[in-house]
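Good morning, colleagues. Please take a moment to look at the sequence and the structure, and then I shall go through the packing inside the chain.

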Amino acid sequence: MGASGLLGSELYYYLNKHNFKCYGSYFKTKKKKLIRINLLNYKKLYIELKKLNPNVIINCVSLTNVDECERNYNKSKNYNIDTSKNLVKVLNKLNKKVHLIHISTDQIYNKKSVNKYSKESEVKISNNYSKTKFLGELAIKKYEHNTILRTNFFGKSKFSRMSFSDYIFNNLRKNKKISLPKNIFFNPLSISLLVKFIKKIIQKKIIGTYNICSDKNLSKYEFGLIIAKKFNLNIDNINGFVSNYKLHRRPLNTSMDNKKIKKIIKIRIPSIKNQLKS
Ligand SMILES: NC(=O)c1ccc[n+]([C@@H]2O[C@H](COP(=O)([O-])OP(=O)(O)OC[C@H]3O[C@@H](n4cnc5c(N)ncnc54)[C@H](OP(=O)(O)O)[C@@H]3O)[C@@H](O)[C@H]2O)c1
């Protein structure tokens, strides 16, 4: 679900390449080979899922624009909660033990000090995006066979809209100035590693809620500097600023603790710097 989006399109490509019989859905962004499914339309969703009869569903559907969520709570609720509720209602009615993998976000965390990492139980809501994403998770948990993956990711987008790292790279390459916060810390994972984790989660039928991220955090400003240095772009075009929660409504430390998933899946996670290099 959401195969026309940033993560969904990469997953769709990767899983097909690895011999999964994979269907992908879009909603408004029409794309070749994808099926149109609106998760808000219960009747059609039921008919479509009954017909497709999947063993696994990966739900990448979301409204990810934090500012838009802040401006329009109802839209944010529709995209991030009601879609999940409908999906669960259909799956419970179909009663087929489909493995539902739901993608969530690191934005539902916010540790006070920079060197602290949130465990799965340490949720802290900051804004409409984090609130609706968390309530979406609670809706997903009403379906027994669920896996919730809280993550943040970067990498070159091949099929869809720009990623955060694309935004940095594309602007610096055009010699344009960008501003990145020095006091917002996160530990994202490259999309190429994230899709590998998801493949393992499907194969091992792992159920539960997990943080999927890199081991060590860094600030968004440091993240930008690494990209600039790697591609010989002008670091002077990066303006480091101090984000103010009251003004920008962004959590300051969404770094996640990944010990829980690393006990089950043994994938070597290089440093963010090395992931960016490759
Ligand atoms: N992007 C990030 O940096 C980031 C970071 C952390 C976590 N995440 C999480 O990762 C997941 C995927 O994010 P993304 O960046 O790949 O999202 P995205 O690019 O914004 O894609 C969202 C997808 O949802 C689909 N969609 C929206 N409303 C729908 C509806 N009513 N019915 C069916 N499909 C609908 C969209 O379809 P159309 O485009 O065809 O309308 C699109 O395919 C989300 O859960 C997000 O919270 C993302």
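By a nonpolar core I mean a set of buried Ala, Val, Leu, Ile, Met, Phe, Trp, Tyr and Cys residues joined through side-chain atoms within 4.5 Å. Please keep in mind that the model before you is predicted.

Let me begin with the cores. The largest nonpolar core has 32 residues, and the members that touch the most others are I58 and I212. Two or more residues of this core come from each of helix 1 (6–17), strand 4 (99–105), helix 7 (191–203) and strand 10 (208–212). Helix 7 gives the largest share, 8 residues.

What does I58 touch, leaving aside residues up to four places away in sequence? The residues in contact with I58 are M1, L11, L15, I101, I103, I198 and I202. There is also a second, separate core of 18 residues, with V90, V98, L100 and I148 among them.

I turn now to a pair of helices. Helix 6, residues 164–173, packs with helix 8, residues 220–230, at an angle of about 55 degrees, and their axes are 10 Å apart. Because of that angle, helix 6 counts as oblique to helix 8. The crossing of helix 6 past helix 8 is right-handed.

Which residues meet there? From helix 6 they are F164, S165, I168, F169 and L172, and from helix 8 they are K220, F223, G224, I227 and A228. By type, the residues of this contact comprise 7 nonpolar, 2 polar and 1 charged.

Thank you for your attention.

Technical notes. Residues numbered from 1 in each chain as written. Predicted model: local features only at pLDDT ≥ 70, side-chain atom pairs only at ≥ 80, totals over all residues. Heavy atoms only, no water. Buried < 20%, exposed > 50% of the residue type's maximum accessible area, 1.4 Å probe, protein only. Helix = DSSP H or I, 4+ residues; strand = E, 2+ residues; numbered from the N terminus. Contact = heavy atoms within 4.5 Å. Axes fitted to C-alpha atoms, helices over the stretch in contact; angles between N-to-C directions. Parallel < 35°, antiparallel > 145°, perpendicular 65-115°, else oblique. Left-handed = near helix turned anticlockwise from the far one by under 90°. Nonpolar A, V, L, I, M, F, W, Y, C, P; charged D, E, K, R; others polar.
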